[in-house]
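Colleague: Before we discuss this protein, could you put the model up and take me through its architecture step by step?

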Amino acid sequence: MIGQQERKPLLLTNVRPIGFGAETPGSAVDILIDGNGRIAQVGPQLSVSCEMICVDGKGAWISPGWIDLHVHIWHGGTDISVRPSECGAERGVTTLVDAGSAGEANFHGFRQYIIEPSRERIKAFLNLGSIGLVACNRVSELRDIRDIDLDRILECYSENSEHIVGIKVRASHVITGSWGVTPVKLGKKISKILKVPMMVHVGEPPALYDEVLEVLGPGDVVTHCFNGKAGSSILEDEDLFDLAQRCAGEGIRLDIGHGGASFSFKVAEAAIKRGLMPFSISTDLHGHSMNFPVWDLATTMSKLLCVGMPFDKVVAAVTHAPASVIKLSMENRLAVGQRADFTVFDLVDSDVEATDSNGDVAVLEKLFEPRYAVIGSEAIAASRYIPRARRLVRHSHGYSYR
Ligand SMILES: [Zn+2]
């Protein structure tokens with residue numbers, strides 16, 4: 001970390017802006033950020049003083065700060081979450097959106113111990129189930145209606161509306177048994193009352209991906225959109241593919257949510273080839289997906305680039321697109337007076353082999369390499385996550401790699 005205590009001005013030199021809309025300068029610039037974290041000057045070759053912290057961008061790209069729309073970071077309050085520091089600024093991500101780790105019963109702890117002390121901006125989808133992901137996939141948060149308390153959800157939202165950006169429902173029989181699409185309908189009702197979007201996880205049916213799309217409306221998010229699960233892949237069923245394409249056109253947001261089990265190179269490649277782009281790229285990072293197969297947001301972005309998504313669309317899918325979901329303004333992000341929130345990164349040649357959630361492998365010939373997360377007047381050195389060696393873990397029902 002550079003310059004937190006000193007609160008000296010920060011001068012970023014030789015960075016190439018991308019993703020700032022019509023205001024994007026056409027060539028490399030220097031950016032001066034004052035000690036209060038606000039942009040003081042933007043232009044070619046600004047003058048340096050000994051009062052400044054200087055960071056040489058060496059011609060790297062600079063975009064609005066990356067946003068990961070689907071992570072699990074209620075570390076200590078759930079058995080599945082990682083710490084924000086493991087997937088945030090040090091990975092080039094300045095905003096993390098927790099996707100339903102906390103429910104109304106434990107959101108106050110998430111706010112006090114995670115949201116408030118973190119240097120990253122943290123927003124959250126509130127789980128429809130009261131307990132959230134305390135013991136994820138072992139103690140379901142949505143067994144039946146006794147797990148949902150509408151009054152307390154409304155109360156929790158009114159106390160935390162600056163942090164909560166929507167309602168999260170995991171619609172998969174692993175969680176909901178035979179309860180089908182009913183929890184999604186209840187979640188939709190609450191999100192309509194609160195006037196916030198709902199994010200729905202699609203997976204093992206029931207509920208069917210098709211049924212979920214029928215309940216959602218413009219502004220809502222379906223995460224794990226390009227999963228390769230039997231009964232839930234958009235490639236297996238032309239009617240579902242057509243429905244997903246129509247819904248995307250009507251404003252339902254298709255989010256990647258890679259995760260341990262929910263991203264398929266084959267599905268993504270075929271969908272993109274047929275013109276169906278994901279709206280947002282997110283990791284679904286948690287303790288069981290980080291080492292295998294996700295690693296981080298930069299690698300997930302590189303995977304989408306690898307299967308045919310254009311570079312500028314990949315950048316938009318971690319900046320403008322998720323920003324619109326969480327109502328974060330992207331106007332004039334490079335203007336004097338704005339608070340600095342940037343990611344500095346390179347796109348490098350690579351021969352890294354990466355794996356999707358189905359075990360398929362692809363060589364990533366181009367790799368997003370984060371260099372710095374800039375949050376106010378701090379430039380935090382960033383890099384891709386280096387996965388730990390996989391280890392065999394014994395469970396009550398057998399063995400798996402972690
Ligand atoms: Zn998740």
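Modeller: A residue is called buried here if 20 or more other C-beta atoms lie within 10 Å of its own. Please keep in mind that this is a predicted model.

Colleague: With that cut-off, how many of the residues of helix α10 are buried?
Modeller: Helix α10, which runs over residues 297-306, is mostly covered. The buried residues include Leu297, Met301 and Leu305, and also Thr299, Ser302 and Lys303.

Colleague: What separates the C-alpha atoms of Leu364 and Ser302?
Modeller: Leu364 belongs to strand β13, which covers residues 361-375, and Leu364 is partly exposed, having 17 other C-beta atoms within 10 Å. Leaving aside neighbours within four places in sequence, Leu364 has contacts with Ser302, Lys303 and Cys306, and also with Ser350, Val352 and Ala354. Although Leu364 and Ser302 are 62 residues apart along the chain, the separation of their C-alpha atoms is 6.7 Å.

Colleague: Turning to helix α3, which of its residues are exposed on the other side from the buried ones?
Modeller: In α3, residues 150-159, the buried positions include Ile153, Cys156 and Tyr157. They cover an arc of only 100° around the axis, which puts them on the same side of α3. In general, an α-helix has 3.6 residues a turn, so residues three or four places apart point the same way. On the other side of α3, the exposed residues are Asp151, Glu155 and Ser158.

Colleague: Is Lys168 buried or exposed?
Modeller: Lys168 sits in strand β8. Among the residues Lys168 touches, not counting those up to four places away in sequence, are Ala99, Gly100, Phe125 and Met199. Since Lys168 has 30 C-beta neighbours inside 10 Å, Lys168 counts as buried.

Colleague: Which of the annotated residues is in contact with His201, leaving aside neighbours within four places in sequence?
Modeller: His201 lies in strand β9, residues 198-202, and is buried, with 26 other C-beta atoms within 10 Å. The contacts of His201 include Arg170, Ala171, Ser172 and Thr223, and the annotated residue among them is His224.

Colleague: How many residues does the largest nonpolar core have?
Modeller: In soluble globular proteins, nonpolar side chains tend to be buried together. Here the residues with the most contacts inside the largest nonpolar core are Leu126, Val200, Val212 and Val222, and Val222 has Val200, Val212, Ile252 and Leu254 among its contacts. The number of residues in the largest nonpolar core is 110.

Colleague: Finally, what is the radius of gyration of the protein?
Modeller: The protein has 12 helices and 16 strands. The globule rule gives 21 Å for 402 residues, and the protein is close to this, so it is as compact as a globular protein of that length, with a radius of gyration of 21 Å.

Conventions:
Residues are numbered from 1 along each chain as its sequence is written. This is a predicted model: local features need pLDDT of at least 70, side-chain atom pairs count only at pLDDT 80 or more; totals for chains, interfaces and linings use all residues. A residue is buried if 20 or more other C-beta atoms lie within 10 Å of its own, exposed if 12 or fewer, and partly exposed in between; C-beta atoms are placed from the backbone. Helices (H or I, at least four residues) and strands (E, at least two) are DSSP runs, numbered from the N terminus. The arc is that of the directions from the helix axis to the C-beta atoms. UniProt positions are given in the numbering used here, feature names are shortened, and annotations may be inferred rather than shown by experiment. Two residues are in contact if their C-beta atoms, placed from the backbone, lie within 7 Å. A nonpolar core is a set of buried Ala, Val, Leu, Ile, Met, Phe, Trp, Tyr and Cys residues joined through C-beta atoms within 7 Å. The radius of gyration is taken over C-alpha atoms; the globule rule is 2.2 Å times the number of residues to the power 0.38.
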